[in-house]
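Q: Can we walk through this structure together, one feature at a time? I would like to learn how to read each one.

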Amino acid sequence: MVTQTLMPADANETVEQSFIRAFRSHPGGVVVITAVSPDGAPAGFTATSLVSLSAYPPRATFNIVKSASSWPAVTDGALLAVHFLAESSSELAQRFAGPAANRFTGDHWYSNDLGLPILRDAIGVLVTRVSTVVPIDLNAVVVLDIQQGRFSDNYPPLLYHNRHFGTVAVQPEDVI
Ligand SMILES: Cc1cc2nc3c(=O)[nH]c(=O)nc-3n(C[C@H](O)[C@H](O)[C@H](O)COP(=O)(O)O)c2cc1C
């Protein structure tokens, strides 16, 4: 059975270790979420926790650790930009998961007419407004109302799997 191959019963493995192994095996699409900090500086981070919540109305959620440097920018009603990355943009994903001081040095971004930091090389961008923040211990679930969007289907998306960046390989016969 597949489950036995991925997660053999191991009396020495804690539930936390099983959890980590399960999510390492579970690929995630990579986005960069940007915002404006209360002091006016751009903020942003790489995330795989973005999930569609509903299409009517268009809503999505993501999770953030409250110790993140971007957390002060994630307030009720704040505008956030969600950038979908192409396979060729793993460097951007690493930059926005690395030292915060390096994330906005360079010309890979600009401020749009709303003042939001926009990454030039994203496959797609959703301009969103925070509608609900649900703090849960050290983390929070954030609900976004989608205000505007643009997306190009023509690029392979960036995925994160087992501590590596890659992309998806879908055979034509797999398409439903
Ligand atoms: C592939 C990947 C996915 C990540 N997903 C999330 C996420 O969904 N939520 C989150 O809070 N941090 C996530 N992180 C960590 C953030 O990118 C960032 O490193 C963290 O917010 C700490 O940032 P700070 O140095 O600004 O405090 C992810 C990192 C990587 C490499």
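Q: In which helix is Ala-22 found?
A: Ala-22 is found in helix 2. Helices (H or I, at least four residues) and strands (E, at least two) are DSSP runs, numbered from the N terminus. Keep in mind that this is a predicted model: local features need pLDDT of at least 70, side-chain atom pairs count only at pLDDT 80 or more, and totals for chains, interfaces and linings use all residues. Residues are numbered from 1 along each chain as its sequence is written, and side-chain values use heavy atoms, with hydrogens and water left out.

Q: Is Ala-22 buried, partly exposed or exposed?
A: Buried means under 20% relative accessible area, exposed over 50%, and partly exposed in between (1.4 Å probe, protein chains only). Ala-22 has a relative accessible area of 28%, so it is partly exposed.

Q: How do I read a pocket, and what volume does the largest pocket have?
A: Rolling a probe the size of a water molecule over the atoms shows where empty space is left. On a 1 Å grid over the protein atoms alone, a pocket is an open set of points where a 1.4 Å probe fits, with protein on both sides within 12 Å along at least five of seven lines; lining residues have an atom within 4 Å of a point. Grid points are joined across faces, edges and corners, and a volume is the space filled by probe spheres set on the points. Here the largest pocket holds about 420 Å³ of space. It is lined by 13 residues, and the closest to its centre are Phe-23, Arg-24, His-26, Thr-48 and Tyr-160.

Q: Which element gives the most to the lining of the largest pocket?
A: Helix 2 does, with four residues. Helix 2 (15-24) and strand 11 (159-161) each supply at least two.

Q: How many lining residues of the largest pocket fall in each class?
A: Ala, Val, Leu, Ile, Met, Phe, Trp, Tyr, Cys and Pro count as nonpolar, Asp, Glu, Lys and Arg as charged, and the others, Gly among them, as polar. This lining has five nonpolar, six polar and two charged residues.

Q: What is the volume of the second largest pocket?
A: About 150 Å³. Among the residues that line it are Val-30, Thr-48, Gln-94, Tyr-160 and Phe-165. Strand 3 (42-47) and helix 3 (90-95) are the elements that give two or more residues to this lining. By class, it has six nonpolar, three polar and no charged residues.

Q: How do I read a sheet, and in what order do the strands of the open sheet of three lie?
A: Strands of a sheet pair through backbone hydrogen bonds, either parallel or antiparallel. Two strands pair if DSSP finds at least two bridges between them. In this open sheet the order is 1-11-12, with antiparallel pairing. Strand 1 (28-29) and strand 12 (164-166) are at the edges with a single partner strand each, so one side of each has no neighbour in the sheet. Strand 1 and strand 11 are joined by two bridges. Gly-29 has Leu-159 as its bridge partner in strand 11.

Q: Is strand 2 largely enclosed or open?
A: Strand 2 (residues 31-36) is largely enclosed by the rest of the structure, because five of its six residues are buried. It pairs with strand 3 in the antiparallel sense over six bridges, and Val-32 has Thr-46 as its bridge partner there. Strand 2 also pairs with strand 6, antiparallel, over four bridges. In that pairing, Ile-33 stands opposite Val-82.

Q: Which residue takes a positive phi in the hairpin of strand 2 and strand 3?
A: Gly-40, with phi near 95°. Five residues lie between the strands of this hairpin.

Q: How many bridges pair strand 9 with strand 10?
A: Strand 9 (residues 124-136) and strand 10 pair over 12 bridges, in the antiparallel sense. Two residues lie between them in a hairpin, and Asp-137 in the turn has a positive phi of about 50°.

Q: Which residues does Gly-77 touch?
A: Contact means heavy atoms within 4.5 Å. Gly-77 touches Arg-129 and Val-130, not counting residues up to four places away in sequence.
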